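I have kept to what can be read from the coordinates and their confidence values.

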Amino acid sequence: QEGKCENLFGCSMTYAISGMKGDSIESALEDLATPAALWVNPSMWARIALDMSFYTIIPLVLLSIISGIIIDGFGELRDEENEAKRYRDETSLICGVDRFAMEQAA
């Protein structure tokens, strides 16, 4: 267990990293093969930052893309409905002549 839970910060980081990678906290507690140098090595901190940013940024980007597609779809439906309403309001139902043209002729 040396190196993983020597202090509160080390335990928190171990749990966060294991949870982000999908291994769950239970496997982090069972797997005691992490060396003590893990928390001292500066290149490992870069790797931890990269892993944590990947597991947080990628889902946010995908969620934003999917939300954008859904919002654009509803926006298109709204635009089509507004165009149909405008056409119904400005065009005669019987002869299909524009309202302005009918008022000019009358």
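1. The accessible surface of the chain comes to about 8300 Å², and 64% of that area belongs to carbon and sulfur atoms. Of the 106 residues in the chain, 16% count as buried. Please keep in mind throughout that this is a predicted model, so that each area quoted here is computed from predicted coordinates.

2. On confidence, the chain averages a pLDDT of 77, with 72% of the residues scoring at least 70. Among the elements of the chain, helix α3 has the highest mean pLDDT, at 88, whereas helix α2, covering residues 24-30, has the lowest, at 54. Where pLDDT is low, the predicted coordinates should not be read in detail.

3. As for the overall layout, the chain has 4 helices and 0 strands, and its pattern along the sequence reads α-α-α-α. Taking the contacts in the chain with a separation of 6 or more, residues 24 or more positions apart account for 52% of them.

4. Which residues make the nonpolar surface patch of about 730 Å²? The patch is made by Phe-54, Tyr-55, Ile-57, Ile-58, Val-61, Leu-62, Ile-65 and Ile-69. One of these residues, Phe-54, is found in helix α3, which spans residues 42-90. Phe-54 has a relative accessible area of 44% and is therefore partly exposed, because that class lies between the buried limit of under 20% and the exposed limit of over 50%.

5. The structure holds 5 salt bridges, and side chains of opposite charge can pair when their charged atoms come close. In one of the bridges, the side chains of Glu-81 and Arg-88 meet at 3.8 Å, N to O, a value to be set against the cut-off of 4 Å. Glu-81 is partly exposed, with a relative accessible area of 46%.

6. A salt bridge also links the side chains of Asp-89 and Lys-85, at 3.1 Å from N to O. Both Asp-89 and Lys-85 lie in helix α3, where they are 4 residues apart, about one turn of the helix. Asp-89 counts as partly exposed at 42% relative accessibility, and Lys-85 likewise counts as partly exposed, at 44%.

7. Arg-86 forms a salt bridge with Glu-90, and the closest N and O atoms of this pair are 3.0 Å apart. Arg-86 and Glu-90 both lie in helix α3, with a spacing of 4 residues, or about one turn of the helix. Arg-86 is partly exposed at 39% relative accessibility, and Glu-90 is partly exposed at 33%. Salt bridges that share partners join Glu-83, Arg-86 and Glu-90 into one network.

8. Is Thr-91 buried or exposed? Thr-91 has a relative accessibility of 15% and so counts as buried, since the limit for that class is under 20%. Thr-91 is found in the loop between α3 and α4, the latter covering residues 99-105. Leaving aside residues up to four places away in sequence, Thr-91 touches Gly-96, Val-97 and Arg-99.

How values were computed:
Residues numbered from 1 in each chain as written. Predicted model: local features only at pLDDT ≥ 70, side-chain atom pairs only at ≥ 80, totals over all residues. Heavy atoms only, no water. Patch = residues over 30% accessible without salt bridge, like charges linked within 9 Å, V, L, I, M, F, W, Y side chains within 5 Å. Areas by Shrake-Rupley, 256 points an atom, 1.4 Å probe, with all protein chains shown as cover. Helix = DSSP H or I, 4+ residues; strand = E, 2+ residues; numbered from the N terminus. Buried < 20%, exposed > 50% of the residue type's maximum accessible area, 1.4 Å probe, protein only. Contact = heavy atoms within 4.5 Å. pLDDT = per-residue confidence, 0-100.
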